[in-house]
Amino acid sequence: MKKVSTKKVALLGILGALALALSFAESALMPQVAFLPPGAKPGLANIITMFAASVPGFGSAIYIVILKSLFALITRGATAFLMSLAGGLLSLAVMLLLLRVKSVSLIGVAVASSCAHNIGQLIVSCILTGTKAVMNYAPFLLLFGVAAGLVTGTVLKAVMPRLEKIYYR
């Protein structure tokens with residue numbers, strides 16, 4: 001069994017709390033915009049997941065994804081949990097794959113993982129509704145995913161040096 005330092009456990013707890021706070025704030029403050037599909041959000045908590053995947057690694061990132069999904073279950077129900085978990089896991093898989101490719105920037109990783117999150121949610125939506133009609137949202141969600149990824153990737157790129165400094169202290 002691998003020994004984990006108290007500092008790393010505390011930092012992971014802080015990252016989890018930040019992810020939940022961002023997710024909650026986003027849900028509470030983001031009004032439903034008429035031209036966006038239901039539930040479309042910028043995904044600010046993805047900043048924390050990307051940092052966790054980039055620096056502490058897979059274990060920390062999967063913890064953040066599961067924590068956010070359980071938070072969705074508690075605050076918004078089973079459907080939100082399934083959507084969050086599917087989107088989060090697919091997003092994380094894309095994120096981890098692209099982080100290994102040194103020529104892909106953090107912004108590129110953010111855009112791809114944001115789009116993957118939306119695809120994961122669309123797949124769950126198709127399964128839950130029993131119809132492929134929800135795929136009509138795909139172009140809008142992918143466009144929104146690109147925009148959201150640009151925002152979250154830009155924010156992470158700006159704060160990454162400071163976060164790394166805190167993490168490696």
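## Surface, fold and an aromatic pair

The chain exposes about 9400 Å², of which carbon and sulfur atoms supply 73% (Shrake-Rupley method, 1.4 Å probe; for residues, only the protein chains shown count as cover). This is a predicted model, in which local features need pLDDT of at least 70 and side-chain atom pairs count only at pLDDT 80 or more, while totals for chains, interfaces and linings use all residues. Residues are numbered from 1 along each chain as its sequence is written, and side-chain values use heavy atoms, with hydrogens and water left out.

The chain holds six helices and zero strands, in the order α-α-α-α-α-α along the sequence; helices (H or I, at least four residues) and strands (E, at least two) are DSSP runs, numbered from the N terminus. Of the contacts with a separation of 6 or more, 68% join residues 24 or more positions apart, contact meaning heavy atoms within 4.5 Å.

The structure holds one aromatic pair, Phe51 with Tyr167, which is edge-to-face at 6.4 Å centre to centre and 80° between the planes; rings of Phe, Tyr and Trp (its six-membered ring) pair if their centres lie within 6.5 Å, and planes under 30 degrees apart count as stacked, over 60 as edge-to-face and the rest as tilted. The partners are 116 residues apart.

| Residue | Helix | Helix residues |
|---|---|---|
| Phe51 | α2 | residues 46-54 |
| Tyr167 | α6 | residues 138-168 |

Both Phe51 and Tyr167 are buried (under 20% relative accessible area; exposed is over 50%, partly exposed in between, 1.4 Å probe, protein chains only).
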